[in-house]
Amino acid sequence: MNKNNLLIFAITSLFFTAALMVTVLVVNNYQSTLSTNQDIINNQLVLSFINENTKRYDSIAILSTAESSVLTLNDNEGYTSYLYTENGYLYEAYLKAATPFDSDYGNQVIASHPIDFAIENDLLIVTDRMTSNFILIDLGGKV
């Protein structure tokens, strides 16, 4: 192999190595962006689900457990819906009003960060414990 061929081989190898590194960086950045966007979409879906559920029920309260707070939504037909997060998911348990809360009865709704509920001045405050983002929902006298 003469010097010209060796030089061409070295430049070509360098070019392909640089192209491979740029490709790997772009793919990692794209995956990170997708993951972040999916997280944002899930958080928005969780907050929308909670917001829509508060509109459907007649009275709202907070039940505190050792692990988290539970949003208690009561209707006039004798049923209670409990919303809570556990193991990375938002759960909903729909039970007769006389049935005590038990997280074993809940159904997985959507992936979610742990969230806390609080009621203050007729506003429901939903706080994401991981990001500290929150939303205020006007309860319109349902407390």
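Reader: Hi! Which order do the strands of the open sheet take?
Author: In this predicted model, five strands form an open sheet in the order S1-S2-S3-S4-S5, with antiparallel pairing. Two strands pair if DSSP finds at least two bridges between them. Strands are DSSP runs of E with at least two residues, helices are runs of H or I with at least four, and both are numbered from the N terminus.

Reader: Which ones are the edge strands?
Author: Strand S1 (59-64) and strand S5 (107-111), as each pairs on one side only. On average, neighbouring strands of this sheet are turned by 25° against each other, direction ignored. For that angle, axes are lines fitted to C-alpha atoms, for helices over the stretch in contact, and angles run from 0 to 180 degrees between N-to-C directions.

Reader: Thanks! Before I go on, what should I know about numbering and cut-offs?
Author: Residues are numbered from 1 along each chain as its sequence is written. Local features need pLDDT of at least 70 and side-chain atom pairs count only at pLDDT 80 or more, while totals for chains, interfaces and linings use all residues; side-chain values use heavy atoms, with hydrogens and water left out.

Reader: Good. Is strand S3 largely enclosed or open?
Author: S3 (residues 79-86) is largely enclosed by the rest of the structure, because six of its eight residues are buried. Buried means under 20% relative accessible area, exposed over 50%, and partly exposed in between (1.4 Å probe, protein chains only).

Reader: How many bridges pair S2 with S3?
Author: Four, in the antiparallel sense, with S2 covering residues 69-74. Leu 71 has Leu 83 in S3 as its bridge partner, and Asn 74 stands opposite Thr 80 in S3. The two strands form a hairpin with four residues between them, and Gly 78 in the turn has a positive phi of about 90°.

Reader: And how many join S3 to S4?
Author: Eight bridges, and S3 runs antiparallel to S4 (residues 89-96). Glu 86 stands opposite Tyr 89 in S4. This hairpin has two residues between the strands, and Asn 87 takes a positive phi near 50°.

Reader: Let's zoom in on Thr 85. Buried or exposed?
Author: Thr 85, which is found in strand S3, is buried, with a relative accessible area of 8%.

Reader: What does its side chain reach?
Author: The side chain of Thr 85 reaches the backbone nitrogen of Ile 115 at 3.2 Å. Leaving aside neighbours within four places in sequence, the residues in contact (heavy atoms within 4.5 Å) with Thr 85 include Ser 68, Leu 90, His 113 and Arg 129.

Reader: What does the C-alpha trace span?
Author: About 90 × 30 × 25 Å along its principal axes. Buried residues make up 28% of the 143 residues in the chain.

Methods. A polar contact is a pair of N or O atoms within 3.5 Å; within protein, one must be able to donate a hydrogen and the other to accept it, and residues adjacent in sequence count only if both atoms are side-chain atoms.
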